[in-house]
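Subject: Structure handover

Dear colleague,

I am passing on to you the structure that I have been going through, and I would be glad if you kept it open beside this message while you read.

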Amino acid sequence: MADEKKILYSGMQATGKLTLGNYMGALKNWMTLNEEYECFFGVMDLHSLTVRQEPAEFRKRARDLFALYVAAGLDPEKNCIYFQSHVSSHAELSWILSCFTYMGELNRMTQFKDKAAKHADNINAGLYTYPVLMAADILLYQADVVPVGKDQLQHLEITRDIAQRFNSIYGDVFTIPEAYMGKAGAKIMSLQDPTRKMSKSDENANASVYLMDDADTVRRKFKRAVTDSEAEVRYDWDNKPGISNLMDIYGATTGKTTDEIEKEFAGKGYGDFKMAVGDAVAAMLTPMQTRFEELIKDKEYLDKMIKQNDEKAYYFSQKTLRKVKKKVGLTENIR
Ligand code: TYM
């Protein structure tokens, strides 16, 4: 019975073009886990507002992200895939939780520090309270598990701290969520500078593989990936970050272990290895791209799924929100 399943919650910002990092760190694990859990996946469009968006482009990206979740293999009849901004409970709980979050905690968030440095002309309050909204996302659905990449672990920690603080005052209101990370792919690095995370916002287009890159582009980007001057495919992050990153990508794509990969490419040059990685990734992305192109044209189906799932998310989230409001002593709304 669906009710007996544990709950999984995750989402992505509807900003920029998704990368292989987003796929490996998040989407891929969502697909592995989605049969086992009752799943909620948000298109995190409210979070995207912390950085200025061009409205028409933003609207399109958010809808594309919804379709991409489906194209990747998440059935919207079985998984609740919805838009964060369509479910008002998120903004409401976020406000309440912000009154249970200390500035000292938010000051420690590395993502805030990074983003503030990058957008020095727009260090807005939303950027600062971003983790509180993320905590609200997760806690509203009473999530047991949250599959994310490594860069989101600090946000998961603060979510747990806020939940525990709230529970210690009002009783067991929130489930305390656990992060989930896959064995390989929790942190995919830039192909041009393997000491930096692969990111949507990298100015060098060769640094990131985008999920919508065609097969030739994918192969070309891997061919140009920065490696080292040895010619040995060996897993060694300290001395060979470029090759180790490619091994993580190849491992996450094919399911092979680092040992198996080292054996497969023993005595072969980097050229062969890069070609194999490019081919494997292209073969993984192409079917998803084809499905995406079909889906995005099917307005009627997408609209139906969006409506259905927005309603489900609203219904589910309101149960928690009502409880929270009652606990903190807000008067009942009898409208
Ligand atoms: P976002 O949109 O930056 O990234 C979406 C997911 O992709 C993962 N990721 C990576 N994983 C491995 N290697 C990389 N190079 C890489 N780059 C990104 C991220 O860890 C993430 O899992 N704050 C979140 C969105 C969010 C959310 C939530 C997530 C809002 N509310 C509630 C989970 C639960 C974010 O900005 O992710």
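Predicted model: local features only at pLDDT ≥ 70, side-chain atom pairs only at ≥ 80, totals over all residues.

In total 27 residues surround the ligand, and the closest are Tyr130, Asp137, Gly149, Asp151 and Ile188. If you sort the shell by class, you will find 12 nonpolar, 10 polar and five charged residues.

Several pairs of atoms between protein and ligand deserve a careful look. An N or O atom in the side chain of Tyr130 is 2.6 Å from an oxygen atom of the ligand, while for the side chain of Lys200 the distance from such an atom to a ligand oxygen is 3.3 Å. On its own the ligand has 710 Å² of accessible area, and the protein covers 97% of it.

Gln142 lies in the loop between α7 and β4 (145–147), and its phi is near 55°, which is a positive value in a residue other than glycine. Because its relative accessibility is 16%, and buried means under 20%, Gln142 counts as buried.

Asp236 belongs to the loop between α9 and α10 (241–254), and with a relative accessibility of 14% this residue also falls under the 20% limit, so it counts as buried. The side chain of Asp236 is joined to that of Arg234 by a polar contact of 3.1 Å.

Ala205, which is found in the loop between β5 (178–180) and α9 (215–223), has a relative accessible area of 43%, and it is therefore partly exposed, a class that runs between the 20% and 50% limits. The C-alpha atom of Ala205 is separated by 9.5 Å from that of Gln192, and the two residues are 13 apart along the chain.

A colleague

How values were computed
Residues numbered from 1 in each chain as written. Heavy atoms only, no water. Near = heavy atom within 4 Å. Polar contact = N/O pair within 3.5 Å; in protein donor to acceptor, adjacent residues only side chain to side chain. Areas by Shrake-Rupley, 256 points an atom, 1.4 Å probe, with all protein chains shown as cover. Nonpolar A, V, L, I, M, F, W, Y, C, P; charged D, E, K, R; others polar. Helix = DSSP H or I, 4+ residues; strand = E, 2+ residues; numbered from the N terminus. Buried < 20%, exposed > 50% of the residue type's maximum accessible area, 1.4 Å probe, protein only.
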